[in-house]
Amino acid sequence: MKMKTNIRIIIALAILGLNVACQSEDLLSPSGGAPEGYEKVEFYAEVPGMEEVMTKAVDPDGAGVQQMTVFCFDANSFFITTVTADLSPDAGNPSLSGTFDVNVPEHTAVLQLVGNQNLTYFREDNYRGMSEVDVMAALEASPGRMIYWARETIESIVTHNSAATAVKLLRNQ
């Protein structure tokens, strides 16, 4: 219980420090191919090199991102929905970097990027309208799966468009 409280406090502080009160529509990419009410977002992401951890077992096939779920939050950090991003792997490092395309609701302001998370028991309707802190703190890593995570805003995500400016995904070591 104490760990969950600490995680909520850390996320709340991060949100307070990074929360953006307005959204600049010109930073969103054109809605080519996005359904009505959605904007298409494209970003480049990579997983930094694996550090050796002697105390934990690591999923042998979990070296990279096999699936990316984007948790969408509005400008007030309230949960809207999750969407799945499509990956175009980088030819030079296919399992650890590439370009992701995702259609997010137009009023999305904050994106929580979560790779390889098992969401079998995550029921969106139970979390809709809840704060970002509560939704993200409720997620639990699946045993034996390497989970990757990053938090971005709509304004910041569009700057991550190449290997040089890639979103750095954190591992759940």
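Biologist: Where is Asn-116 found?

Modeller: Asn-116 sits in the loop between strand S5 (110-115) and helix H2 (124-127). Helices (H or I, at least four residues) and strands (E, at least two) are DSSP runs, numbered from the N terminus. This is a predicted model, where local features need pLDDT of at least 70, side-chain atom pairs count only at pLDDT 80 or more, and totals for chains, interfaces and linings use all residues. Residues are numbered from 1 along each chain as its sequence is written, and side-chain values use heavy atoms, with hydrogens and water left out.

Biologist: Is Asn-116 buried or exposed?

Modeller: Buried means under 20% relative accessible area, exposed over 50%, and partly exposed in between (1.4 Å probe, protein chains only). Asn-116 has a relative accessible area of 2%, so this residue is buried. Its phi is positive, about 70°, although Asn-116 is not a glycine.

Biologist: What is the phi of Ser-77?

Modeller: Ser-77 has a positive phi near 65°, and this residue is not glycine either. Ser-77 lies in the loop between strand S2 (68-73) and strand S3 (79-89). With 4% relative accessibility, Ser-77 counts as buried.

Biologist: How is a pair of aromatic rings described?

Modeller: By the distance of the centres and the angle of the planes. Rings of Phe, Tyr and Trp (its six-membered ring) pair if their centres lie within 6.5 Å; planes under 30 degrees apart count as stacked, over 60 as edge-to-face and the rest as tilted. Here the count comes to 5 aromatic pairs. In one of them, Phe-122 and Tyr-127 are stacked because their ring centres are 4.6 Å apart and their planes at 10°. Phe-122 is buried, at 13% relative accessible area.

Biologist: Which residues do ring pairs link into a cluster?

Modeller: Phe-71, Phe-73, Phe-79, Phe-122 and Tyr-127.
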